[in-house]
Amino acid sequence: FRLDLDVLQIPCVLGTDNPVSKFVCSLSIYPVVLACLLLATLAARISKRHVDFDAVFNLNGSILVTMFISLTLLVLRPFDCQLNPDGSEF
């Protein structure tokens with residue numbers, strides 16, 4: 001599982017096909033997921049439902065463990081060597 005935003009056509013939304021902006025958008029996926037989790041927790045507390053902090057903390061950990069390999073591959077993607085037309089690597 002790679003966090004490839006080309007599937008979501010993010011360049012159409014951003015109006016540019018800049019690799020740096022795609023990289024930043026890919027890195028912001030986990031903070032957006034975390035913000036959604038915190039908003040859902042806040043909404044549950046406002047509606048007077050019992051929300052166990054340990055359960056929310058465990059859910060965050062499960063999400064992070066699930067996304068760990070994808071985030072690691074994403075962070076290391078800029079260091080991936082590309083082949084040059086003459087066959088040498090840079």
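Trainee: Before the numbers, what does contact mean here?
Mentor: Contact means heavy atoms within 4.5 Å. The model under discussion is a predicted one.

Trainee: With that in hand, what share of the contacts with a separation of 6 or more comes from residues 24 or more positions apart?
Mentor: In the protein chain, such residues account for 48% of those contacts.

Trainee: How many helices and strands are there?
Mentor: The protein chain contains 4 helices and 0 strands. Read from the N terminus, the order of elements is α-α-α-α.

Trainee: And how much of the chain is buried?
Mentor: Of the 90 residues in the protein chain, 19% are buried. The chain exposes about 7,200 Å², and carbon and sulfur atoms supply 69% of that area.

Trainee: Let us turn to helix packing. How are two packed helices described?
Mentor: One gives the angle between their axes and the distance between the axes. For helix H2 (residues 19-27) and helix H3 (residues 29-46), the angle is about 35° and the axes are 4 Å apart.

Trainee: Which residues meet there?
Mentor: From H2, the residues are Cys25, Ser26 and Leu27; from H3, they are Ile29, Tyr30 and Pro31. By type, the contact comprises 5 nonpolar residues, 1 polar residue and no charged ones.

Trainee: What is the reach of H3 from its first C-alpha to its last?
Mentor: H3 has 18 residues and reaches 26 Å, close to the 26 Å expected at 1.5 Å a residue.

Trainee: Which residues of H3 are buried?
Mentor: Tyr30, Leu37, Thr41 and Ala44 are buried in H3. Viewed down the axis of H3, its buried residues lie within an arc of 60°, so they line one face of the helix.

Trainee: What is exposed on the other side of H3?
Mentor: Leu39 and Ile46 are exposed there.

Trainee: What covers the buried residues of H3?
Mentor: The cover includes H2 and helix H4 (53-76).

Trainee: Which residue just after H3 has a positive phi?
Mentor: That residue is Lys48, with a phi of about 65°.

Trainee: One last topic, Ser21. Where does it lie?
Mentor: Ser21 is part of helix H2.

Trainee: Why does Ser21 count as buried?
Mentor: The relative accessibility of Ser21 is 18%, so Ser21 counts as buried, given that buried means under 20%.

Trainee: What does Ser21 touch?
Mentor: Leaving out residues up to four places away in sequence, Ser21 touches Leu14 and Thr16.

Conventions:
Residues numbered from 1 in each chain as written. Predicted model: local features only at pLDDT ≥ 70, side-chain atom pairs only at ≥ 80, totals over all residues. Heavy atoms only, no water. Axes fitted to C-alpha atoms, helices over the stretch in contact; angles between N-to-C directions. Helix = DSSP H or I, 4+ residues; strand = E, 2+ residues; numbered from the N terminus. Nonpolar A, V, L, I, M, F, W, Y, C, P; charged D, E, K, R; others polar. Expected span 1.5 Å × (residues − 1). Buried < 20%, exposed > 50% of the residue type's maximum accessible area, 1.4 Å probe, protein only. Arc of directions from axis to C-beta. Areas by Shrake-Rupley, 256 points an atom, 1.4 Å probe, with all protein chains shown as cover.
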